[in-house]
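User: I am new to reading protein models. Please take one part and go through it closely with me.

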There are 4 protein chains.
Amino acid sequence: MRVGVWLVGARGSVATTVVVGAAAIRSGLMPPVGCVTETPDFAGAELPPLDALVFGGHDIADVPLVKRAEKLARDGVVPPLLPAAVTGELDEAEGEIREGLGGGSDAGTLRERADRLIGDLVSFRDRRELDRVVVINVASTEPPFERRPEHAGLEALERAMAEPGEVLPASSVYAYAALRAGCPYIDFTPSTGARLPALDELARRMGVPYGGSDAKTGETLVKTALAPMFAARALAVRSWSGTNLLGGGDGATLADPAAGESKKVSKDRALSEILDRRVEGQTHIDYVPHMGEWKTAWDHVMFEGFLGVRMTLQFTWQGCDSALAAPLVLDLARLTARAHQAGRFGPLPELGFFFKDPIGSSEHRLTAQYELLRAWAVELGAGA
Amino acid sequence: MRVGVWLVGARGSVATTVVVGAAAIRSGLMPPVGCVTETPDFAGAELPPLDALVFGGHDIADVPLVKRAEKLARDGVVPPLLPAAVTGELDEAEGEIREGLGGGSDAGTLRERADRLIGDLVSFRDRRELDRVVVINVASTEPPFERRPEHAGLEALERAMAEPGEVLPASSVYAYAALRAGCPYIDFTPSTGARLPALDELARRMGVPYGGSDAKTGETLVKTALAPMFAARALAVRSWSGTNLLGGGDGATLADPAAGESKKVSKDRALSEILDRRVEGQTHIDYVPHMGEWKTAWDHVMFEGFLGVRMTLQFTWQGCDSALAAPLVLDLARLTARAHQAGRFGPLPELGFFFKDPIGSSEHRLTAQYELLRAWAVELGAGA
Amino acid sequence: MRVGVWLVGARGSVATTVVVGAAAIRSGLMPPVGCVTETPDFAGAELPPLDALVFGGHDIADVPLVKRAEKLARDGVVPPLLPAAVTGELDEAEGEIREGLGGGSDAGTLRERADRLIGDLVSFRDRRELDRVVVINVASTEPPFERRPEHAGLEALERAMAEPGEVLPASSVYAYAALRAGCPYIDFTPSTGARLPALDELARRMGVPYGGSDAKTGETLVKTALAPMFAARALAVRSWSGTNLLGGGDGATLADPAAGESKKVSKDRALSEILDRRVEGQTHIDYVPHMGEWKTAWDHVMFEGFLGVRMTLQFTWQGCDSALAAPLVLDLARLTARAHQAGRFGPLPELGFFFKDPIGSSEHRLTAQYELLRAWAVELGAGA
Amino acid sequence: MRVGVWLVGARGSVATTVVVGAAAIRSGLMPPVGCVTETPDFAGAELPPLDALVFGGHDIADVPLVKRAEKLARDGVVPPLLPAAVTGELDEAEGEIREGLGGGSDAGTLRERADRLIGDLVSFRDRRELDRVVVINVASTEPPFERRPEHAGLEALERAMAEPGEVLPASSVYAYAALRAGCPYIDFTPSTGARLPALDELARRMGVPYGGSDAKTGETLVKTALAPMFAARALAVRSWSGTNLLGGGDGATLADPAAGESKKVSKDRALSEILDRRVEGQTHIDYVPHMGEWKTAWDHVMFEGFLGVRMTLQFTWQGCDSALAAPLVLDLARLTARAHQAGRFGPLPELGFFFKDPIGSSEHRLTAQYELLRAWAVELGAGA
Ligand SMILES: NC(=O)c1ccc[n+]([C@@H]2O[C@H](COP(=O)([O-])OP(=O)(O)OC[C@H]3O[C@@H](n4cnc5c(N)ncnc54)[C@H](O)[C@@H]3O)[C@@H](O)[C@H]2O)c1
Ligand SMILES: NC(=O)c1ccc[n+]([C@@H]2O[C@H](COP(=O)([O-])OP(=O)(O)OC[C@H]3O[C@@H](n4cnc5c(N)ncnc54)[C@H](O)[C@@H]3O)[C@@H](O)[C@H]2O)c1
Ligand SMILES: NC(=O)c1ccc[n+]([C@@H]2O[C@H](COP(=O)([O-])OP(=O)(O)OC[C@H]3O[C@@H](n4cnc5c(N)ncnc54)[C@H](O)[C@@H]3O)[C@@H](O)[C@H]2O)c1
Ligand SMILES: NC(=O)c1ccc[n+]([C@@H]2O[C@H](COP(=O)([O-])OP(=O)(O)OC[C@H]3O[C@@H](n4cnc5c(N)ncnc54)[C@H](O)[C@@H]3O)[C@@H](O)[C@H]2O)c1
Ligand code: NA
Ligand code: NA
């Protein structure tokens with residue numbers, strides 16, 4: 001099986017790290033650390049090998065992928081000499097990047113724009129002789145987009161898309177185009193993407209799976225590993241406060257309060273679901289440009305134990321966001337391609353392990369999510 | 001079912017908090033926060049109610065339980081006014097405390113001393129009309145005790161116990177006495193206790209269960225909640241360093257390097273089992289008298305992600321040890337009594353959730369341990 | 001010299017801790033830990049002894065001081081048995097509390113209201129035969145109050161105060177009344193207080209000193225101790241981010257974004273003055289009711305060293321605010337009384353050591369501030 | 001003034017960073033961040049400019065400086081492309097490195113070996129036409145060396161050095177050689193170096209200054225910035241615990257408990273001198289090879305405030321040791337050369353700001369040390 005990985009936001013940090021990393025692993029320069037699907041638990045799942053992945057995507061920036069990779073090397077995200085060692089693969093991916101939405105040439109109705117995107121996807125699949133293409137949204141987070149009546153059903157939506165006006169945010173137009181083209185769609189960001197009844201309808205009608213949203217790579221990852229500990233020990237969490245310091249392109253986007261808000265909401269949900277109660281405390285996302293590609297999260301948890309004694313747990317997470325995100329993009333591409341091959345369509349709740357706001361699931365506990373994923377891998381292997 | 005809870009180390013912080021807390025919960029003064037067996041997952045396990053527990057124990061100190069409770073109140077372990085509110089229960093437990101081993105009146109062979117302990121247990125069970133007595137060792141941690149050939153089988157052991165000399169450490173004499181008297185034995189400490197082939201033989205012969213060891217209440221609790229996260233995400237932990245600052249009676253004991261050593265060993269095992277590799281880093285246990293009943297642990301984890309990027313997670317845990325330990329003593333008493341009633345004997349690996357060094361199990365991952373415990377609770381309920 | 005200490009906000013946490021603590025130290029129950037003026041550096045400054053202080057104040061709450069003290073004991077701010085041991089002193093202070101501004105009986109013009117306050121101060125000074133009364137504002141922080149043309153000169157201000165309308169916030173009416181009554185005024189809070197040209201004019205005319213503002217007891221204290229280290233070592237601080245979690249009455253007030261804002265401003269100034277540049281990073285103040293009387297601050301500093309290498313310093317401060325504040329109130333009362341006695345009037349920049357936003361000084365470095373204070377103590381002693 | 005900087009341990013991390021960094025700053029590639037003597041406070045001190053420094057040294061390793069610099073670049077201590085940009089300067093320094101003591105060719109008495117070292121220094125000074133050469137010990141830390149009677153006076157020492165046997169550790173032979181050759185000597189490490197009465201005698205006789213020891217670049221730097229805060233506020237520090245995680249060549253050396261011990265002692269002294277009391281708590285130095293050139297220190301301070309309330313301050317310092325050390329080597333070279341030129345001899349207590357264990361001074365408070373240094377700079381300027 002040859003699998004296309006179509007990255008919306010193909011010139012971003014995450015996307016570039018994906019392309020560089022896949023090349024480095026394929027050529028044996030680096031081990032696949034961070035790739036969940038390379039561990040023994042997934043050996044039998046009949047996933048497409050990393051070798052089988054072919055990269056392309058949409059973006060609205062025009063800095064060449066090689067330049068982006070060199071910048072990531074300067075920032076310590078990828079080893080200094082790696083970009084030079086994989087220029088072949090970078091050039092190959094560069095050749096498959098097309099202009100995205102919002103890049104200046106956005107004339108026409110949404111339907112017309114979607115048709116252009118569909119054209120890009122179909123051409124990629126055909127030219128590169130791919131069995132399937134998984135579209136993964138790793139573009140900048142959008143501000144929250146208000147729900148509209150037209151989102152409720154496919155017919156109404158397509159009618160509105162054929163009129164002038166912006167009935168959908170870009171992420172949802174990308175999702176629409178992917179599904180219409182028969183491509184599975186994964187939202188790595190908290191943007192709206194496929195999470196609309198009309199698009200769910202489309203996915204089912206086209207027989208393609210989709211999943212998301214908002215990859216869990218830092219504070220929330222640790223949170224959902226730790227919160228079950230308090231629950232299992234019957235300790236009463238009273239407050240959970242967090243501060244996230246982040247730089248990078250993503251930091252700048254989230255500095256826009258509206259976009260930040262959509263991130264915070266998906267962060268907070270997990271906690272109250274796991275602890276089965278509302279706890280005090282806020283979550284801050286601060287843009288600190290000097291942090292560059294690095295993120296620091298400090299969390300403070302106050303809990304009560306036996307006889308009301310108050311205790312605290314604090315943690316500091318210092319991570320490189322793109323390094324945490326990139327291997328998950330590879331995992332998601334492989335798993336989703338396999339699910340598609342196996343005939344799955346509609347939401348993929350088994351992917352909840354990867355997301356802060358898992359589509360189709362209210363399970364947020366990390367270990368429980370991992371067990372669901374692992375069990376699914378067994379199923380996928382059995383069904384091969 | 002009326003259950004006796006016989007605490008070896010009955011005048012210690014943990015034991016005193018157990019007695020005060022059980023009384024406070026029974027009388028509705030405090031909610032059962034921290035009691036795992038009071039959560040819905042255990043509602044059907046047919047456990048003896050907290051009301052059914054009757055306390056007694058051995059100790060070699062002679063500070064009255066009421067005084068100890070008042071000191072705990074001054075140190076913030078129990079609410080200021082609580083000791084006065086439960087003097088009745090404290091006096092009742094006081095009346096059931098007998099002199100332990102090493103308290104000065106240790107004449108005779110180990111066998112003779114064990115017989116005295118057995119007498120105390122049997123008398124307690126008879127006088128108080130108890131269905132069973134669970135012995136729980138919450139005495140000061142002993143220095144590691146070297147293995148001897150006599151530990152290999154019960155016959156050889158009993159022969160040696162009948163001679164002069166110290167073939168067993170105190171914790172194992174207590175375990176011997178408990179098992180001989182038909183009482184389940186739980187080791188809350190890292191001391192040798194029942195972990196000898198000869199005592200396992202005795203337990204099986206007498207048809208009584210036992211379990212342990214070394215309750216997991218702080219750094220290791222967090223460690224075993226967090227380490228599976230790295231494993232599940234295929235992140236390569238390179239070092240895990242920890243420093244524990246503790247005061248209290250327990251701190252003083254562990255300041256003795258030999259005793260501290262036995263604690264460190266049980267702490268380190270968990271990590272390498274979960275991560276399936278040896279990682280760099282040391283664990284320190286520092287005695288800081290001014291910490292009083294409080295413990296602070298700082299852990300620093302360095303891990304590598306995608307393309308070798310180095311990241312860190314740090315946590316600081318600030319806990320009140322006795323407040324964390326006491327509800328687990330109640331949980332262990334109830335679960336073990338029920339297991340005994342249900343006909344279980346020999347080691348109880350299902351209790352691994354509570355321990356740093358689980359007898360009969362090499363599962364250290366907190367969530368997996370919890371799932372085993374929960375499943376067992378269902379079984380215990382079904383078998384009722 | 002007999003000195004009255006008139007606390008605006010006399011029933012608050014800080015004020016109550018002041019009264020309880022002064023009594024405990026006087027009676028030898030507790031050592032004067034935290035009292036700067038009790039250290040050898042101040043032995044020769046001819047300060048009024050702690051014994052010479054007599055307490056009274058304004059408040060608009062009516063919970064009795066004894067009740068407030070008992071609550072503080074339950075919250076761990078004062079030792080459990082202390083309130084009972086000093087009921088005499090608490091009752092004495094209780095007898096000297098008068099209704100403050102905003103308590104419901106605020107009829108009349110500001111001038112009339114100020115006259116009532118002046119009456120309270122004069123009566124206190126006369127009845128208790130005090131040489132002088134120092135007024136210290138430890139009331140809830142006010143929202144920022146906009147500057148008005150009338151604030152520029154005393155005459156215009158008094159004219160406006162004689163008309164209906166609120167030309168001043170309460171803290172400034174208290175400051176006005178104090179100065180008019182010939183009492184030195186200290187603002188322990190970030191409220192406007194005496195920081196208006198018209199009130200400065202009044203202070204000079206009346207020959208009384210004043211000082212403030214916003215006591216430095218936590219995050220900013222540590223910040224101003226640490227920031228000079230970076231400056232002295234020529235390390236380039238790039239970002240300084242902070243999150244403050246606080247409960248208590250004060251937390252609730254600061255949860256009001258407007259009041260919080262006035263606190264943040266005084267917090268931020270220090271850093272840019274010490275580092276001589278603007279650094280990235282925000283400061284958050286979160287209200288977390290379960291923190292009670294405790295405050296936790298986490299600060300993250302990123303700096304560059306030789307050849308651009310990035311490094312970080314993080315700190316976590318866990319303090320009990322009232323315990324940190326109360327001894328400083330005693331210090332300020334003693335120093336200000338002595339300054340008044342020595343003939344000082346107008347702003348007292350030498351008190352900068354105690355404040356986040358020191359009146360009359362732009363020196364924020366803690367050690368430099370301490371040296372100024374110490375030198376002043378020598379002067380005060382010499383001038384005696 | 002042309003100044004030679006002779007680095008004992010010339011192929012180590014610190015030394016290599018010094019040579020790379022001096023070249024980078026000289027050529028304008030990097031700003032002099034971290035160089036104290038480049039700040040305005042030192043502009044008038046008539047220090048030799050960075051341009052005037054010429055590098056050489058002793059080492060017993062043979063990895064070329066260029067290779068060492070490339071490794072430092074890979075480890076993130078110096079920017080990736082910098083070593084290539086300064087190969088000229090690296091080669092120049094490479095040409096001035098001579099074999100040190102303990103490198104295999106150590107035949108003869110200590111006096112004979114010292115003569116060889118003296119020859120190297122004199123040759124360097126003559127060939128390169130230097131006004132003076134400052135010798136700075138940045139070699140691996142030695143294990144503590146026991147005091148001997150011969151250390152008490154120069155005559156006895158020289159007599160013993162002329163006999164077979166090792167009456168001095170290597171660092172002291174280097175110090176002896178430096179002083180004998182008329183070169184000032186600075187000990188950047190905790191090794192014995194010049195701290196012997198006999199060597200003090202020699203320094204005075206030769207009219208050369210010396211200083212040290214053990215550069216203050218991490219945990220102790222922060223400690224001596226923070227501890228005065230507690231003292232100034234009359235807060236009673238009860239415990240101060242620290243854990244240092246370090247990799248690198250230095251970490252490996254300090255893993256040897258004997259060498260680590262000499263480091264710990266110099267670390268602990270500061271605290272008790274500043275706080276004027278012994279506090280509880282230990283300091284750990286752990287070797288964690290994966291930390292590479294990075295060091296993390298976690299410190300936990302428990303203190304009591306008013307009425308005995310217990311509070312804590314914790315900090316985590318994450319630094320790159322060589323980046324912190326290298327600019328100080330440049331500062332020390334310039335200041336010491338200037339002191340020599342100005343006729344100073346014997347110990348230089350004014351350099352205490354740079355050291356954990358300042359020779360000739362018991363002042364450990366960072367700010368006070370800085371003020372002494374700054375005042376000295378003024379003096380040095382005035383005396384020019
Ligand atoms: N890195 C993580 O750990 C992580 C975790 C969860 C979610 N995410 C999300 O992944 C996304 C990518 O992160 P990043 O660090 O790579 O950000 P980035 O800013 O480096 O890259 C985003 C890219 O998207 C492009 N883009 C913006 N709008 C577009 C559009 N309409 N169409 C096509 N391309 C568009 C930009 O030009 C840019 O190249 C963000 O939304 C982020 O929130 C990242
Ligand atoms: N508190 C926790 O979170 C925790 C966790 C794991 C293990 N533990 C273990 O629990 C034990 C109790 O802790 P603690 O804080 O109550 O200590 P503690 O020092 O307050 O109490 C120990 C008691 O044991 C008694 N004792 C000592 N030797 C004895 C003997 N030979 N026979 C009978 N009694 C004896 C002492 O007199 C004392 O009263 C320790 O071994 C500790 O390591 C505690
Ligand atoms: N505790 C610290 O470390 C610290 C540091 C700096 C500043 N402060 C400031 O000190 C003040 C007191 O803090 P607290 O913790 O005692 O708060 P608190 O809420 O416990 O007490 C404030 C008191 O002020 C009274 N009050 C409110 N408005 C009043 C008015 N108009 N006239 C008279 N009384 C009035 C309230 O009734 C209350 O009794 C706050 O403004 C706080 O920001 C405290
Ligand atoms: N980096 C800091 O922040 C810092 C702070 C205080 C002290 N120090 C001290 O500075 C010294 C150097 O640190 P580093 O990180 O560069 O260590 P390093 O291990 O990288 O370098 C030490 C060098 O000394 C050489 N050496 C060993 N024995 C020698 C001898 N007898 N004669 C000559 N050369 C010898 C080694 O071959 C090596 O090249 C250490 O003693 C360290 O403790 C460093
Ligand atoms: Na950190
Ligand atoms: Na903490």
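Which residues of helix 2 of chain D are buried? Please start there, then go on to the places where chains touch.

Analyst: Keep in mind that this is a predicted model. Helix 2 of chain D covers residues 65–74. Its buried residues are D:Leu65, D:Arg68, D:Ala69, D:Leu72 and D:Ala73. Now look down the axis of helix 2 of chain D. The buried residues fall within an arc of 145°, so they line one face of the helix.

What does that face meet? The buried residues of helix 2 pack against helix 1 (13–26), helix 3 (82–85), helix 4 (87–94) and strand 3 (97–99), which belong to chain D. Follow the chain past the end of the helix. Just after helix 2 of chain D comes D:Gly76, with a positive phi of about 80°.

Stay in chain D for one more spot. D:Glu163 sits in a loop, between helix 6 (154–161) and helix 7 (170–180) of chain D. D:Glu163 is partly exposed, and its relative accessible area is 45%. Along the chain, D:Glu163 and D:Thr109 are 54 residues apart.

Next, the side of chain D that touches chain B. Here 25 residues of chain D are in contact with 25 residues of chain B. The size of an interface is often given as the accessible area lost when the parts come together. Chain D and chain B bury about 2100 Å² between them, and carbon and sulfur atoms account for 54% of it. In chain D, the residues that lose the most area to chain B are D:Glu280, D:His290 and D:Trp298. Together they make up 30% of what the chain D side buries.

What about polar links? Between chain D and chain B there are zero salt bridges. Ten residue pairs are in polar contact, both residues of each pair being at pLDDT 80 or more. Strand 7 (236–246), strand 8 (283–287), strand 9 (294–304) and strand 10 (310–320) of chain D each supply at least two residues. By type, the chain D side divides into seven nonpolar, 13 polar and five charged residues.

Now turn to chain B and chain A. This contact takes 59 residues from chain B and 59 residues from chain A. The area buried between chain B and chain A is about 4500 Å², with 70% coming from carbon and sulfur atoms. B:Arg233, B:Phe306 and B:Leu307 supply 22% of the area that chain B buries against chain A, more than any other three residues.

Strand 10 of chain B gives the most, with eleven residues. The chain B side divides into 41 nonpolar, 14 polar and four charged residues.

Finish inside chain A. A:Ser322 is found in helix 12 (residues 321–341) of chain A. A:Ser322 is buried, with a relative accessible area of 2%. Leave out residues up to four places away in sequence, and A:Ser322 touches A:Ser13, A:Val14, A:Thr17, A:Val77, A:Glu293 and A:Pro327.

Key: Residues numbered from 1 in each chain as written. Chains lettered and ligands numbered in written order. Predicted model: local features only at pLDDT ≥ 70, side-chain atom pairs only at ≥ 80, totals over all residues. Heavy atoms only, no water. Buried < 20%, exposed > 50% of the residue type's maximum accessible area, 1.4 Å probe, protein only. Helix = DSSP H or I, 4+ residues; strand = E, 2+ residues; numbered from the N terminus. Arc of directions from axis to C-beta. Contact = heavy atoms within 4.5 Å. Buried area = accessible area lost by both parts, 1.4 Å probe. Nonpolar A, V, L, I, M, F, W, Y, C, P; charged D, E, K, R; others polar. Salt bridge = Lys/Arg side-chain N within 4 Å of Asp/Glu carboxyl O. Polar contact = N/O pair within 3.5 Å; in protein donor to acceptor, adjacent residues only side chain to side chain.
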